Amino acid sequence: MTTSSPWRTTPRSVGQACRQAHAQAYKDDEGGSLLKESTYASVAATEHGVSLRGIAEFYLDALCQKENLKENLQRSSEVEAFRVGTLCSGSDVVIVALQHLLSSMKHRFGKAPHLDHVFSVENNPTKLKWIQCHQQPTFLFNELSNFAKGPTPVTINGDSVPTESLNVDLLICGFSCKTLSGENTAKSGTCISTGTGSTGETWTWTSDVIKTMKPKVVLMENVIGLVQRSW
């Protein structure tokens, strides 16, 4: 991160940077109609940094400005639970963000789905330990290549788990971007199609998991790099 980034600011200006980022996110939505005065517009940033709970409250508040979106959120709050799995998602901070979002929904609507964190796959030892200690998914795996092969991948504890026990509603994928990265002087625009390099390999394994599990929703990182440099 460079020193020109709006996030490298004094505590007093963090709130302004946060609101500017939100305004940018919504500028194409009917001239910014979503971005009405939000009760939580200044909650997202504190003197200690950006609050995930504040951001969750902010976006939920903004979405509820539109009745059709609010109705969809209210209906989704009636769901008992939804199952989530992650692939190469680092420290799984996205799980924490989802928990804050659901907590905000419960505060607003009186109820919200239970987040069932079914599994995580991560091969970085430090991040793996973090997930094990703090996110505590039901099943934890450390090799995406072995996980993708199925049909009974083995957890870090040596337990074989049938893939049908790992079905999820939402799959969050964060495969390697090194071979596509603009910072990589040896980047390859054909790594996806050829399955080469760390990006090509992890993408191949990720796509195999998606084809096998067929989750209802897939949240994919590095989409811009894939579109601009691969196809």
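Analyst: A nonpolar core is a set of buried Ala, Val, Leu, Ile, Met, Phe, Trp, Tyr and Cys residues joined through side-chain atoms within 4.5 Å. Buried means under 20% relative accessible area, with a 1.4 Å probe and protein chains only. The model is predicted: local features need pLDDT of at least 70 and side-chain atom pairs pLDDT 80 or more, while totals for chains, interfaces and linings use all residues. Residues are numbered from 1 along each chain as its sequence is written, and side-chain values use heavy atoms, without hydrogens or water.

The largest nonpolar core holds 21 residues. Leu87, Phe119, Phe147, Leu166 and Val209 have the most contacts inside it. Strand S4 (114–121), H6, S6, helix H7 (191–194) and H8 each give two or more residues to this core. Helices (H or I, at least four residues) and strands (E, at least two) are DSSP runs, numbered from the N terminus.

Take Phe119. Beyond its neighbours within four places in sequence, Phe119 is in contact (heavy atoms within 4.5 Å) with Val84, Gly85, Thr86 and Leu87, among others. Its partners also include Pro137, Phe139, Phe141, Phe147 and Met213. A second, separate core has 13 residues, among them Cys64, Val84, Leu98 and Leu115.

Now S4. Of its 8 residues, 6 are buried, so S4 is largely enclosed by the rest of the structure. S3 and S4 pair (at least two DSSP bridges) in the parallel sense, over 7 bridges. Phe82 faces Leu115 of S4.

On a 1 Å grid over the protein atoms alone, a pocket is an open set of points with protein on both sides within 12 Å along at least five of seven lines; lining residues have an atom within 4 Å of a point. Helix H2 (52–63), strand S3 (81–87), helix H4 (93–109), strand S6 (170–173) and strand S7 (217–220) each contribute two or more. The lining splits into 15 nonpolar, no polar and 2 charged residues.

The second largest pocket has a volume of about 310 Å³. Of its 20 lining residues, Cys88, Glu122, Asn123, Ser176 and Thr202 lie nearest the centre. Helix H6 (144–149) and helix H8 (197–213) each give two or more. H8 gives the most, 4 residues.

Conventions. Nonpolar A, V, L, I, M, F, W, Y, C, P; charged D, E, K, R; others polar. 1 Å grid on protein atoms, 1.4 Å probe; cavity = no way out; pocket = protein on both sides within 12 Å on 5 of 7 lines; lining within 4 Å. Points joined across faces, edges and corners; volume = space filled by probe spheres on them. Buried < 20%, exposed > 50% of the residue type's maximum accessible area, 1.4 Å probe, protein only.
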